Amino acid sequence: MTRTTKRTPATWLRGGGLSTLVFALPMVLVFAVFSWSPIVQSFVMSLQKTNLITSEWVGLDNFVRVLSDPLLGTAIVNTLYFAALALVFGFPLPILLAVLMSEVRRGKGFYSALAYLPVIIPPVVAVLLWKFFYDASPTGVFNSVLGWLGIPAQPWLQSQATAMPSLVLEATWAAAGGSIIIYLAALLSVPPELYDAAEVDGASIWHKIWHVTLPQLRGVIFIMLILQVLATAQVFLEPFLFTGGGPNNATVTVLLLIYRYAFQNSLGGNYGEATALSVMLALVLAALSFLYFKLTDRWSAS
């Protein structure tokens, strides 16, 4: 029978607990100052009417004003639309490209570097470059390519119908490289004998991908999916630089609305309303993440 030792402050000290605490304390303090302190300050600021110079406690009034803003519904719908498009078109693409690149026998390093190239381009530079490509005139870069194929020129960013898909196209191009590298690394852990067994059973390439590759990658896919949902729910750079929320508020997202609350005039806006919406967004994302982890816990671990 194993005898358990009762933990006391004396045994904790003899076990090196004090030295461990001394080494960990600076890191805990840095984490508290730079991570938890801004979170606490955000909750406090959401209860104030402030421009960072003068502050006035208003309680939940900021939340009431934000929820009564008619533009909030538009921003939520636009954000969900962006996330849905990115999920349908942008999420499967890196998986497919990673699987195809893993089958390449020569030049795999070159193709990996080529796929990762968009990631190393500064995001602002990439957006401005694509904005030039999206020129709606017939002589624009993309419209010239469409003209060679006999397709009429598209309005791209100037149309409410095509503005958001145009943003998703650039965002997918910019982010796919990092996901491809992660999936390529995950593919190295798939046992080759599984593919050999599938070939013996006469499985085609698509059957091997569906029944061998994807099940082996489900843990990575699970993490990448939740990361993409969180990232797309906080999209800001593309609508801000491409369209500024236009045309006719067709690309206003929740984060862009937060920016407008905070910086809507040169003297500063109402940071209380901006942080109130930020807090609500953080709580919604936290709830969705918790629910998603609970619903997929068995699937990701099995």
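Helices here are DSSP runs of H or I with at least four residues, numbered from the N terminus. Axes are lines fitted to C-alpha atoms, for helices over the stretch in contact, and angles run from 0 to 180 degrees between N-to-C directions. The model is predicted: local features need pLDDT of at least 70, side-chain atom pairs count only at pLDDT 80 or more, and totals for chains, interfaces and linings use all residues. Residues are numbered from 1 along each chain as its sequence is written, and side-chain values use heavy atoms, with hydrogens and water left out.

**Exercise 1. Describe how helix α4 packs against helix α12.**

Step 1. Two packed helices are described by the angle between their axes and the distance between the axes. For α4 (residues 70-90) and α12 (residues 218-233), the angle is about 145 degrees and the axes are 9 Å apart.

Step 2. The crossing of α4 past α12 is right-handed; that label applies if the near helix is turned clockwise from the far one by less than a right angle, and left-handed if anticlockwise.

Step 3. List the contacts (heavy atoms within 4.5 Å). From α4 come T79, F82, A83, A86, L87 and G90, and from α12 L225, Q228, T232 and A233.

Step 4. Sort these residues by class: 6 are nonpolar, 4 polar and none charged. Here Ala, Val, Leu, Ile, Met, Phe, Trp, Tyr, Cys and Pro count as nonpolar, Asp, Glu, Lys and Arg as charged, and the others, Gly among them, as polar.

**Exercise 2. Follow L87 of α4.**

Step 1. Leaving aside neighbours within four places in sequence, L87 is in contact with P92, L225 and Q228.

Step 2. L87 and L225 are 138 residues apart in sequence, while their C-alpha atoms are 8.3 Å apart in space.

Step 3. L87 has 36% relative accessibility, so it counts as partly exposed (buried is under 20% relative accessible area, exposed over 50%, partly exposed in between; 1.4 Å probe, protein chains only).

**Exercise 3. Classify the ring pair F263 and Y271.**

Step 1. Rings of Phe, Tyr and Trp (its six-membered ring) pair if their centres lie within 6.5 Å; planes under 30 degrees apart count as stacked, over 60 as edge-to-face and the rest as tilted. The count comes to 18 aromatic pairs.

Step 2. The centres of F263 and Y271 are 5.8 Å apart and the planes stand at 85 degrees, so the pair is edge-to-face.

Step 3. F263 is partly exposed at 46% relative accessibility, and Y271 is buried at 14%.

**Exercise 4. Describe the backbone and surroundings of W156.**

Step 1. W156 is in the loop between α8 (141-148) and α9 (160-187). Its phi is near 50 degrees, a positive value in a residue other than glycine.

Step 2. W156 is buried, with 15% relative accessibility. One aromatic cluster holds W156 together with W130, F132, F133, Y134, F142, W173 and F242.

Technical notes
Helix = DSSP H or I, 4+ residues; strand = E, 2+ residues; numbered from the N terminus.
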